Amino acid sequence: MFETTVAGSLPKPIWLAEQERLWPAWRLEGAALEAAKLDATVLAVKLQEDAGIDIVSDGEQARVHFVHGFLANLDGIDFARKAVIGIRADRYKAEVPTVIGPIRRKGPVHLAEAGATRPHTRRKLKFTLPGPMTLADTIADEHYGDRVKLAQAFAAALNEEARDLAALGVDVVQFDEPAFNVYMREVVEWGIAALERAAQGLKCKTAVHICYGYGIKANIDWKGTLGEEWRQYEVTFPVIAKSTIDQVSLECRNSRVPIELLGLLKGKDVLVGAIDVASNVVESPEEVADTIRQASAYVAPERLFPCTNCGMAPMPWKTAYAKLAALVAGAALMRKRL
């Protein structure tokens with residue numbers, strides 16, 4: 001009950017990459033960089049274990065960014081042909097590569113990290129991948145000319161990767177879909193179908209992570225325009241509840257999502273974000289426990305997994321792991337109370 005986990009990314013060690021940046025530059029290159037990425041991945045798992053996290057992740061240590069880390073090993077994408085586009089409905093601009101041909105996986109993308117990680121922990125292991133709608137929203141397209149077709153092509157490649165991860169012993173494959181909090185109508189019309197295609201045939205647990213984004217200025221400014229209550233999920237939660245996806249991860253700590261909306265996810269495991277990634281203030285165990293308590297009014301305790309609101313990549317290293325320790329302590333406090 002109340003098994004703790006993380007949404008995805010964790011800060012990279014100072015010897016691997018720049019600090020407190022969402023798109024950090026690597027400090028090494030070549031074979032030294034590849035070896036250091038695996039070292040950092042194992043270190044992230046051990047530090048999560050030290051904090052007491054029950055379901056650990058690779059911390060996305062080997063990726064410069066959660067989207068571009070996957071795109072880098074796909075055919076049909078030209079990284080030399082960059083374009084500046086508005087993503088997440090023009091919430092902010094980003095320089096992105098261009099799709100110039102059929103999307104196909106060249107080979108395994110993240111199996112090196114998963115293969116290095118699995119032997120080093122006896123705990124449940126989660127691996128995160130970008131979702132197909134978010135991939136389609138974070139790239140320029142000169143080939144498909146249709147976002148639905150593009151998302152389905154990405155979904156097929158993601159499914160190949162996810163099946164390989166599951167075969168290595170990964171317990172949870174999570175698809176990150178920040179686009180799901182922007183394109184509500186499209187989620188209903190084709191986003192869920194693309195997500196289910198990405199998860200098709202997986203024997204391990206599957207999850208989708210939806211939230212209001214990293215604690216960066218563009219996201220914080222955007223949140224200020226959403227009103228006093230963020231009820232956007234009323235449109236998508238009932239559709240997600242009917243999907244084949246097992247778990248839903250979302251932001252609850254310091255968000256304006258009405259907690260009663262969790263009741264719309266009946267039948268799903270809910271990864272309740274009890275750690276604010278937009279603040280460097282470390283939560284107290286009591287504050288974490290209070291978020292879990294509020295959520296438990298709408299989610300059965302055995303289906304409630306305390307989690308972080310989102311990835312923590314741009315956060316100070318010590319702060320991030322202090323927050324994970326607080327998450328574990330708050331979950332323990334709630335177990336004791338129950």
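Where is the place of Phe2? In this predicted model, Phe2 sits in the segment before H1. Most residues other than glycine have a negative phi. Phi of Phe2, by contrast, is near 60 degrees, a positive value in a residue other than glycine. Phe2 counts as buried, because its relative accessibility is 1%, under the 20% limit.

Glu20 also belongs to the segment before H1. Its phi is positive too, at about 55 degrees, although Glu20 is not a glycine. Is Glu20 buried or exposed? Glu20 is exposed, with a relative accessible area of 52%. The cut-off for exposure is over 50%. Phe2 is thus buried at 1%, whereas Glu20 is exposed at 52%.

Which residues does His65 contact, leaving aside its neighbours within four places in sequence? The contacts are Leu22 and Trp23.

A search of the whole structure finds one cavity of 30 Å³ or more. The volume of the largest cavity is about 120 Å³.

Three strands form an open sheet in the order S2-S3-S5, with mixed pairing. S2 and S5 stand at the edges, and each has a single partner strand, so one side of each is left without a neighbour in the sheet. Strands of a sheet pair through backbone hydrogen bonds, either parallel or antiparallel. Both arrangements occur here. S2 (residues 74–87) and S3 (residues 92–105) run antiparallel and are joined by nine bridges. S3 and S5 (residues 140–141) run parallel, and two bridges join them.

Which residue stands opposite Val99 in S3? That residue is Ile77. In S5, the bridge partner of Val99 is Asp141.

Helix H10 covers residues 317–337. It has 21 residues and reaches 31 Å from its first C-alpha to its last. This span is close to the 30 Å expected at 1.5 Å a residue. The buried residues of H10 include Thr319, Ala320, Tyr321, Lys323 and Leu324. Further along, Ala326, Leu327, Val328, Gly330, Ala331 and Met334 are also buried. Against which elements do the buried residues of H10 pack? Two helices are involved, H1 (30–51) and H9 (285–296). Two strands are involved as well, S9 (269–275) and S10 (304–308).

Methods. Residues numbered from 1 in each chain as written. Predicted model: local features only at pLDDT ≥ 70, side-chain atom pairs only at ≥ 80, totals over all residues. Heavy atoms only, no water. Contact = heavy atoms within 4.5 Å. Pairing = 2+ DSSP bridges. Helix = DSSP H or I, 4+ residues; strand = E, 2+ residues; numbered from the N terminus. Expected span 1.5 Å × (residues − 1). Buried < 20%, exposed > 50% of the residue type's maximum accessible area, 1.4 Å probe, protein only. 1 Å grid on protein atoms, 1.4 Å probe; cavity = no way out; pocket = protein on both sides within 12 Å on 5 of 7 lines; lining within 4 Å. Points joined across faces, edges and corners; volume = space filled by probe spheres on them.
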